[in-house]
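Welcome, and thanks for taking a look at this one.

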Amino acid sequence: MDAILDPSESLTGFLTSEPALLSYVLGYVMTDDGFVDRIENTVLPADISEFLIFDFSGDPMSFHIVGTQSQSLDMMQVARSLSLEVLTTNEMTTKVVQSHVGRIPDRQTILIAAPIFNQGFAEGVLVTVVDVPLYNAAKPDGVIALNKRIVQSPDVAHLKASDDNAILVPIGTTGLSLLFTSESNLFKTIGQELVSKAILAVSAALLLPFGVFGWLGKQTILRPHAEVERSRNKLREQQKELSELAAIARKAEEAILITDLDTRIIWHNPAFERISGYSASQIKGQLPSELLQGKNTDPKARAKIRAALISHTPVTVEVLNYRNVTEEYWVRLSISTLFDDLGKPYGYMAISSDISDRKRDEANLLATTSAMEWQALHDELTGLPNRRCFNATFEEHCRGPEQKPALAIIRIDLDHFKNVNDTMGHEAGDLVLCKVARILRDVTSGQNISVRIGGDEFIILLVDDGSLQAACDLAHSILHKVAQPIDYEGKIIRVGASFGIASSECQLVERRELVRAADAALYLAKERGRNQVVAYGAEEHRKVIGVRDTAEQIRRGIERGEFEPFYQPQVDAQSREVIGVEVLARWVHPDRGVLLPGSFLRVAEQLSMLSTLDKMIMEKALKDVSTLEEKGVCLPKISFNVTANRLSDPDLLLAIDQRDFGETAVSFEILESVFLDDQPEFLDFTLDLLREKGLSIEIDDFGSGHASMISLMRVRPDVLKIDQRLVMGAPNSRVCQNMVRSIIGIAESLEIDVTAEGVETRQHADMMQRMGCTTLQGFHFSEALPFGELHAFLKTHEGGLRNTG
């Protein structure tokens, strides 16, 4: 009996996991055709007659007859009641149907009900109807008749109590029992052992065919079904995994498509439609290379993709695609080959993400970076390369052997460009600069470059033909073009230019020294009157070498203290008493003797050492004054020539605070050229501080034509010193005399004194005295004296030394 029921129970449980049955129960499909096909293609035990399907409410959905006859109408109510019980317990249940009451049955019906689960919930019940043969037959008189019946185990105690002749044998774990009964009283007289043996014999007779049937069932049903079950479980796992992957792919932001080995699209996700702009009908069966790529797609990227497809290797590229043929967009594309369980390729999977925004940002960043780099290397106003660009380019061409083709440098300065800005405004100045830039741009090509290095200064680097002649010809051509008048708001602007040229062809300097050589030539062009071209030749080279030697000697001279103060006496125009001295710098050179300022001041200025020299001379002179006082000689006044840079030096005021000048008055002589109308604001402030400290201010070389009357009123000097060229020319020039009288008149208006410089003769002295000068200074009285000779002069001077007391 076990061999009949166990296979039926196993088959019932197996069929409840059939997807077609679950889809029918859940309502996904309207018919159970898929389940019917499944059971028709399955070898079923012969005792199974029907299958009944109930929904989650226990209502019948369908039934299927598989045996020779149907009892479904008789069984339906019992089966429905059983399905409700199973829906409550969620467990498989076996139930015997009590039929054929009142007579000995030859067959009995067993119902096997199993729940149909979905995600842990019972969504329906499958009931299998099994007809079990009992083999009960009538026996001759005198033969003991054993009748058999299948009963529910819970009814066993009741049946035994009602029939003393009943014998029960449990049927496996089904919850059913086989009941043996007899109408004969022989059970009462025959020993229990005999009866037991008889029952066992009959049971063996019954069980033997059932056992054989069960073994055959296991071989023909259970084992094949087990294999099918394992395959179906694996398939269900794969289907579940694929379903999950498909669900993820459908929701993914990245575009995903699958192709066959011919790269024709067989599946894609919604993101691919969104990104590509094509509909599903336009996509399926297409070749991605023809659908998405176009004329601007990088051929190298396409070749890389083709190579990866042929070799079945993964590949990742960034490629330009086309949306609806015309609209370009960028994707990051990853392609992998799909392989089956045997390792055979059957298609490709491509995953792509839209990176157009990133590419756009990169392009903007590149454009911004390029723009920033361009701005860093070019002049904003003219668009010409700037000094930084020139330095890099020039350094590049300076590398390598000196035998390389010649290089030439043309240095250009616009003449009196400041006047354009001052008289017509900066817009006019910008117009001039842009015009010059266009001229330079037009005359340079190839590797040659024109550069604006700042202000009104330009440089041309000649690489293609760096000969001196080519550079000179080009410079003269530019000079002619720059000199052409420029119309600005109905007014004419004219500017000139000075040119300095140096070429490595001359082999006077190394390539890296060409700029300095061109600067030296430019300086000479300005010194010779401007608006001309000067080439750096052998003579200029000798001068440059001389300047370099002088510069080095100046540095050494400062270190050694070779610069000394010399003193030129100043006398009262009326009494001819010495009323003070002017301190003049002299270089006591160890080899060349005493050198005048003309031989070193310009170079010292180029070296930015004038302030150092001023400081050194002042300290030595103040020390000499103290020495004179120790000897009983008190100078009424001492005057120092001070540059504008020295006036801005904070150490100057600090040095004055630290000095005790005694009874000697201190005066600062400042060149008239410092007092221009656009003088720096700090100058007024510094002069006020100097006056507060008791110093007086004198304007040197007055009459050279720099200072305006307004500037003079702002400075409020204590003394005007007439330029010596006017004084020396006065005896023979009425113009000089008139100029001197005018200066004296200005001084009288300002109520200040006047000193005449350049008094070389008694005639000069007498004339300046008559014209109204208060102080005289010049070789007529004394040249500049070293400190040792000054002491002697003060003692022997005819007019004597004015008493400061």
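Just after helix H20, Gly-632 takes a positive phi of about 90°; helices (H or I, at least four residues) and strands (E, at least two) are DSSP runs, numbered from the N terminus. Please keep in mind that this is a predicted model, in which local features need pLDDT of at least 70 and side-chain atom pairs count only at pLDDT 80 or more, while totals for chains, interfaces and linings use all residues. Residues are numbered from 1 along each chain as its sequence is written, and side-chain values use heavy atoms, with hydrogens and water left out.

**Helix H20**
- H20 (residues 610–630) has 21 residues and reaches 30 Å from its first C-alpha to its last, close to the 30 Å expected at 1.5 Å a residue (the expected span is 1.5 Å times one less than the number of residues).
- Among its buried residues are Leu-613, Asp-614, Ile-617, Ala-621, Asp-624 and Leu-628 (buried means under 20% relative accessible area, exposed over 50%, partly exposed in between, with a 1.4 Å probe and protein chains only).

- H17 (residues 514–527) has 14 residues and spans 20 Å from first C-alpha to last, close to the 20 Å expected.
- Gly-529 follows H17 and has a positive phi, near 120°.
- The cover over the buried residues of H17 includes helix H13 (387–398), strand E14 (408–415) and helix H18 (538–560).
- Leu-522 lies in H17 and is buried, with a relative accessible area of 4%.
- Leaving aside neighbours within four places in sequence, Leu-522 is in contact with Arg-411, Asp-413, Ser-498, Phe-499 and Gly-500 (contact means heavy atoms within 4.5 Å).
- Leu-522 and Ile-501 are 21 residues apart in sequence, with their C-alpha atoms 7.4 Å apart in space.

**Helices H15 and H16**
- The axes of H15 (residues 426–443) and H16 (residues 468–482) come within 10 Å and cross at roughly 145° (axes are lines fitted to C-alpha atoms, for helices over the stretch in contact, and angles run from 0 to 180 degrees between N-to-C directions).
- Residues making this contact include Val-436, Ile-439 and Leu-440 of H15, and Leu-474 and Ile-478 of H16.

**Confidence**
- The chain has a mean pLDDT of 82, and 83% of its residues reach 70 or more (pLDDT is the predictor's confidence in each residue, from 0 to 100).
- Over residues 186–217 the pLDDT is below 50.
- Where pLDDT is low, the predicted coordinates should not be read in detail.
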